[in-house]
Amino acid sequence: MPGSRKAGVPGNRPIVLIGPMAVGKSAIGHELAKLLDVPFVDTDNLIVDAHGSIASIFAGRGEHAFREIEARTVASAVEHAEGAASVISLGGGAVLDSGTQQLLGRCTVVYLECDEETVAVRIARNSGRPLLAGDAMARWSALFVTRKPVYERLADLVVDVRHGSVSELGHRLEVALRDYAAAKQEVEN
């Protein structure tokens, strides 16, 4: 029964997945949304659908223009999802925008934690990431070092995604969200 699957998960706030590039936010988010029987939104996909590939935006208009588009897209996705359960996956750098950071205060934010080894194979398979041109792993590491404190500060929950299939990680995240909701309920009562 779909309604019973949602029980115990923060239902009035969007669940937002944050973390570095290639950690699996889209795949795990999609799995979590299926488990919870709620809508899934990938903000990178929204950007591509409305503006073309992220690589072409970077090449033609620059990173600043991309970040403006990204901030507007995230704001729209969060505002559209407010008041209902949903899962939203953000691009790795979306959390750098101060307006986005404020909006995330209205969401349950989950930081998908990983390391270089977790993402190295994925990054090697996908060279279409504009910020990883050149030595992709060196660039990823440099970005991660600067963004990790932001991910940690914004997170309501941190879920280690170093090990497990997408299905296992989706289930682990569902359990973590239920535990978080129960603990939050206890504090409020």
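Predicted model: local features only at pLDDT ≥ 70, side-chain atom pairs only at ≥ 80, totals over all residues.
Residues are numbered from 1 along each chain as its sequence is written, and side-chain values use heavy atoms, with hydrogens and water left out.

Let's begin with the whole chain. Its secondary structure comes to 9 helices and 5 strands; here helices (H or I, at least four residues) and strands (E, at least two) are DSSP runs, numbered from the N terminus. The chain has 189 residues, of which 46% count as buried. Buried means under 20% relative accessible area, exposed means over 50%, and partly exposed lies in between, with a 1.4 Å probe and protein chains only. As for contacts (heavy atoms within 4.5 Å), 76% of those in the chain with a separation of 6 or more are between residues 24 or more positions apart.

The axes are lines fitted to C-alpha atoms, for helices over the stretch in contact, and angles run from 0 to 180 degrees between N-to-C directions. The crossing of α2 and α9 is right-handed, a term for a near helix turned clockwise from the far one by less than a right angle, with anticlockwise being left-handed. From α2, the contact draws on Ala27, Ile28, Glu31, Leu32, Leu35 and Leu36; among its partners in α9 are Leu169, Leu173, Leu177 and Arg178. By class, this contact has 9 nonpolar, 3 polar and 3 charged residues, where Ala, Val, Leu, Ile, Met, Phe, Trp, Tyr, Cys and Pro count as nonpolar, Asp, Glu, Lys and Arg as charged, and the others, Gly among them, as polar. Also in α9 is Glu168, partly exposed at 47% relative accessibility. Glu168 and Ile28 are 140 residues apart in sequence, yet their C-alpha atoms are 9.1 Å apart in space.

Now turn to helix α3 (residues 43-51) and α5, whose axes come within 10 Å and cross at roughly 115 degrees. This crossing, too, is right-handed. Here Thr43, Asp44, Leu46, Ile47 and His51 of α3 meet Phe66, Ile69, Glu70, Thr73, Val74 and Ala77 of α5, and the residues divide into 6 nonpolar, 3 polar and 2 charged.

Ile69, in helix α5 (residues 63-81), is buried, with a relative accessible area of 2%. Leaving aside neighbours within four places in sequence, Ile69 is in contact with Ile47, His51, Ile57 and Arg61. Glu70 counts as buried as well, at 3% relative accessibility. Not counting residues up to four places away in sequence, Glu70 touches Asp44, Ile47, Gly91, Gly93 and Ala94.
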